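Visitor: Could you walk me through this model, a few questions at a time?
Guide: Gladly; have a look first, and then ask away.

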Amino acid sequence: MDVLILTLFVSLVLAAAGVGLFIWSVRQGTHEHIDRLALLPIEDDDPTPDSDAQ
Amino acid sequence: MEARSSTTICAHCGAALPPGRADGFCCAGCATVHAILRGEGLERYYELRPLDGRPASPDAERDHKWLEPLADAIEASNGLTRVRVDVQGVHCAACVWLIGELFDRDPRGRACVVNPARGRVELTVERGFDLDGFARAVESVGYLLGPPGERDPRSDALTLRMGISLALAANAMMLSLAMYFGLADGAFHALARQVLFALAAMTVVVGGTWFIRAAWQSLRRGALHLDLPIAIGIVLAFAGSTYSYFAGDARGEFFDTVAVFVAFMLVGRWLQERMVQRNRDQLLASNGAESLFTRRLRDGRAELVRCDAVEAGDTLLLARGDLVPVDATLEADAALRLDWINGESEPLAFERGQLAPAGAFLASAAAVQARADRPFAESSLNDLLAPPARAAGAGAFWDRLGRFYVLGVLGLAAGASLLWAHDPSEALRVTTAVLVVTCPCAFGIAVPLAYELVHAASARRGLFVREATLMDRAREVTRVVFDKTGTLTVGTPELIDRAPIDALSDAHRAALYDLAARSTHPKSRAVAAAFDDGALRADVVAHEEPGRGMHALIDGALYRLGRPDWAAPAHDVDGDLVLAHNGAPIAILQTHEALRPNAREEIEALEATGVEAWILSGDATARVHALADRLGLPRERALGDRSPEDKAAWLRDHGAERDTLFVGDGINDTLAADVALVSGTPSIDRPFMPARCDFYFTTAGLTPVRELLSDARRLRGVVRADLALAVAYNLGAVALAYAGLVEPWLAAILMPISSVATIALTTLSLRRTA
């Protein structure tokens with residue numbers, strides 16, 4: 001019985017981790033520019049800007 | 001690398017070649033962009049891009065005033081500046097690569113992130129970066145840049161809720177499987193029930209509240225939205241299961257089914273919104289008058305102001321391609337294009353002191369000053385740019401269905417309670433079972449899927465849906481009304497017969513090319529395009545007189561190419577364009593507007609399906625009738641000389657809000673687009689019209705418009721079949737529930753089966769369309 005509870009606990013932790021990663025991914029917007037991600041290996045690292053203009 | 005070549009597809013975009021194009025490109029835009037890419041050493045684009053057929057429309061003359069504040073911000077910064085702009089036309093990895101390559105050519109550009117789905121580019125640049133040069137380079141290869149628009153934050157929220165609900169539902173199903181396969185008591189069973197309850201509660205909170213809030217908002221507005229039956233199903237099924245949980249009756253707990261139902265409904269909603277949102281994001285935002293800028297002269301300095309800040313008496317400085325924001329008195333001769341306001345396809349000559357109408361574009365090369373006659377608030381443009389007030393009558397079918405569904409489900413649940421009134425504990429379980437098995441899977445997931453498949457198929461053909469209710473309205477269309485210039489025609493003239501050119505001597509022919517190729521007038525460009533082997537002489541100096549034509553002294557002789565009464569004033573010549581040698585006409589040329597490829601065939605095909613085609617134009621009636629003759633339309637269905645208000649009035653008088661699709665491209669069409677039941681536009685390179693239409697299309701021909709109507713009719717058949725299947729399932733499932741036979745395990749099987757059955761029916765029915 002104890003091992004079942006442990007299994008349940010571990011599976012819920014894994015599910016929570018998966019949900020956490022998913023939320024991070026949506027906030028990053030990675031699911032929206034897969035085309036760009038396909039080219040990431042040939043891109044330079046992004047520099048950090050000092051100011052924004054819109 | 002050479003562009004992929006084929007005899008049937010465009011070497012640049014991969015679209016099917018229209019009949020008569022022998023150069024391997026579907027349009028002049030693609031040919032231009034191909035030449036630029038080859039000239040710049042960017043042929044790798046053709047290795048990366050898919051062949052999905054989106055012709056390019058390079059435009060080197062767009063107004064870039066909106067870039068000036070951004071450029072100022074870059075210059076004011078001492079370090080790096082991040083600049084966000086919207087981009088239109090990016091659709092694949094090749095586009096992303098191409099924009100990145102163009103960006104990298106300026107060493108002060110540090111990073112360029114292109115997001116094709118959102119239609120956005122984020123640039124990180126150093127001081128001195130040539131933003132205007134970058135914009136022109138990007139637009140020269142067929143993309144459009146614009147100021148960043150606001151994005152609907154609900155889109156990300158829906159994706160998040162759907163993903164989390166799916167994870168919760170999957171875990172709930174895993175636990176309930178253990179129970180269905182024998183876990184019936186003990187400490188782990190109790191723990192599993194608690195976790196199951198918690199997972200279902202979280203699913204309802206995370207996912208169910210999306211529908212509950214939408215249903216509540218629609219009720220407050222007095223409307224009955226489809227979210228209402230979904231929300232009622234979720235709330236009652238969860239409430240009944242919760243009661244059974246606390247009452248200790250495991251047979252009345254349907255937590256796993258509730259969780260899966262919520263997740264499925266969110267998948268359906270996400271599918272429904274994804275394509276429409278994506279199509280919207282890929283067009284530049286249009287913020288009405290707020291996105292229009294002009295230059296005003298104050299104290300001897302030109303300042304950039306929003307058009308709605310223009311006051312009567314202001315002096316405006318207009319450059320080539322600039323919009324005249326208000327009626328303004330010209331302070332110099334100029335040529336103006338009025339196609340945006342009245343469909344008139346040719347630039348017209350205006351003299352100093354004449355009134356330039358609001359909505360005209362300056363076509364002549366030299367900048368001119370003009371004095372504003374009235375403030376922007378009184379400009380006719382202000383009315384044309386006002387937000388559309390479309391009546392929301394499209395969802396009548398779904399409203400009726402939703403109403404019947406809600407009443408039906410509540411009646412069935414009440415019937416179950418009455419039937420089992422003699423046994424209160426069973427009555428609750430049976431009633432909960434009825435509410436669970438009647439959850440509206442068909443229109444929660446299968447119907448959105450059907451719409452998604454049809455929208456995706458349209459997008460592959462080059463037609464992009466902007467309004468989710470378009471297909472519901474399009475199936476009612478029995479009449480299609482086209483604007484003329486830019487819609488049925490491509491807006492540029494073509495030479496009818498090149499025999500007069502062939503009859504010229506070599507010297508005269510060379511002079512004709514020297515004049516035509518140096519002109520900015522569309523008719524002269526049509527003449528230049530008729531030359532396969534034209535070569536410009538470097539020693540020729542040609543002059544253009546706006547609205548009249550070109551003239552040059554070549555080898556001691558005066559050549560003129562232009563209006564007959566100007567080129568050869570001493571001769572009575574009945575021509576469209578005349579080449580004169582020392583005042584004597586030597587070639588009389590006729591042009592007409594070039595039709596969109598397959599326009600005639602598509603109009604015939606529309607008529608064959610019982611849909612009436614009409615032309616409603618602001619251009620002269622004689623020209624509209626001539627076009628009708630070329631298209632094989634009766635002249636009584638070709639109406640010219642119509643102002644924007646006349647067009648809207650005609651449509652209103654003819655019941656267009658019930659049965660008419662209007663297709664137009666200019667700002668003069670916005671009022672008509674607001675009146676018609678459905679509206680569409682081929683013009684995505686100019687603001688306003690796409691933002692007011694239900695769809696836009698990017699193909700050279702009109703085929704997607706006809707296919708839209710046939711898809712809408714086919715979609716109706718599929719939706720009805722889905723609903724019929726759902727009704728049959730519900731009748732069977734409710735009968736089982738009434739008999740007290742629906743246990744949680746059976747509900748957990750029945751609901752996915754009904755969903756999968758309707759999804760399979762939808763997919764198979766629309767396989768040919770997709």
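Visitor: Is B:Asn598 buried, exposed or partly exposed, and why?
Guide: First, a word on the ground rules: this is a predicted model, where local features need pLDDT of at least 70, side-chain atom pairs count only at pLDDT 80 or more, and totals for chains, interfaces and linings use all residues. Residues are numbered from 1 along each chain as its sequence is written, while chains are lettered from A and ligands numbered from 1 in the order in which they are written. A residue is buried if 20 or more other C-beta atoms, placed from the backbone, lie within 10 Å of its own, exposed if 12 or fewer, and partly exposed in between. B:Asn598 has 19 other C-beta atoms within 10 Å, so the class is partly exposed.

Visitor: Where is B:Asn598 placed, and near what value is its phi?
Guide: B:Asn598 lies in the loop between strand E22 (591–595) and helix H21 (599–608) of chain B; helices (H or I, at least four residues) and strands (E, at least two) are DSSP runs, numbered from the N terminus. Most residues other than glycine have a negative phi. B:Asn598 has a positive one, near 60 degrees.

Visitor: Which loop holds B:Asp555, and is that residue buried or exposed?
Guide: B:Asp555 also has a positive phi without being a glycine, at about 50 degrees. The loop runs between strand E18 (549–554) and strand E19 (557–562) of chain B. Because B:Asp555 has 11 C-beta neighbours inside 10 Å, it counts as exposed.

Visitor: How many residues apart in sequence are B:Arg374 and B:Ala328?
Guide: B:Arg374 sits in the loop between strand E13 (368–372) and helix H11 (380–384) of chain B, and its 16 C-beta neighbours inside 10 Å make it partly exposed. Leaving out residues up to four places away in sequence, it touches B:Ala312, B:Val326, B:Asp327 and B:Ser379, where contact requires C-beta atoms, placed from the backbone, within 7 Å. B:Arg374 and B:Ala328 are 7.7 Å apart in space, C-alpha to C-alpha, and their separation in sequence is 46 residues.

Visitor: What share of the residues in chain B is buried?
Guide: Chain B has 28 helices and 27 strands. Among its contacts with a separation of 6 or more, 68% join residues 24 or more positions apart. Of the 770 residues in chain B, the buried share is 50%.

Visitor: And what is the buried share in chain A?
Guide: Chain A has 2 helices and 1 strand, in the order α-α-β from the N terminus. Of its 54 residues, the buried share is 11%.

Visitor: How do helix H7 (residues 187–220) and H8(B) pack, and how many nonpolar residues does their contact have?
Guide: Their axes are 8 Å apart at an angle of about 150 degrees, with axes fitted to C-alpha atoms over the stretch in contact and angles from 0 to 180 degrees between N-to-C directions. That makes H7(B) roughly antiparallel to H8(B) (under 35 degrees is roughly parallel, over 145 roughly antiparallel, 65 to 115 roughly perpendicular and the rest oblique). By class, the contact has 2 polar residues, 2 charged and, for the value you asked about, 15 nonpolar (Ala, Val, Leu, Ile, Met, Phe, Trp, Tyr, Cys and Pro are nonpolar, Asp, Glu, Lys and Arg charged, and the others, Gly among them, polar).

Visitor: How are H8(B) and H13(B) oriented to each other?
Guide: The axes of H8 (residues 227–247) and H13 (residues 424–437) of chain B come within 9 Å and cross at roughly 150 degrees. Residues of H8(B) including B:Gly233, B:Leu236 and B:Gly240 meet residues of H13(B), among them B:Leu428, B:Thr432 and B:Leu435. From the crossing angle, the two helices are therefore roughly antiparallel.

Visitor: How far apart are the end C-alpha atoms of H18(B)?
Guide: H18 (residues 506–518) of chain B has 13 residues, and the expected span is 1.5 Å times one less than the number of residues. That gives 18 Å, and the distance in the model agrees: 18 Å.

Visitor: Which residues of H19(B) make the contact with H18(B)?
Guide: The axes of H18(B) and H19 (residues 522–529) of chain B come within 7 Å and cross at roughly 135 degrees, so the pair is oblique. H18(B) contributes B:Leu512, B:Tyr513, B:Ala516 and B:Ala517, and H19(B) contributes B:Ser524, B:Val527 and B:Ala528.

How values were computed
Contact = placed C-beta atoms within 7 Å.
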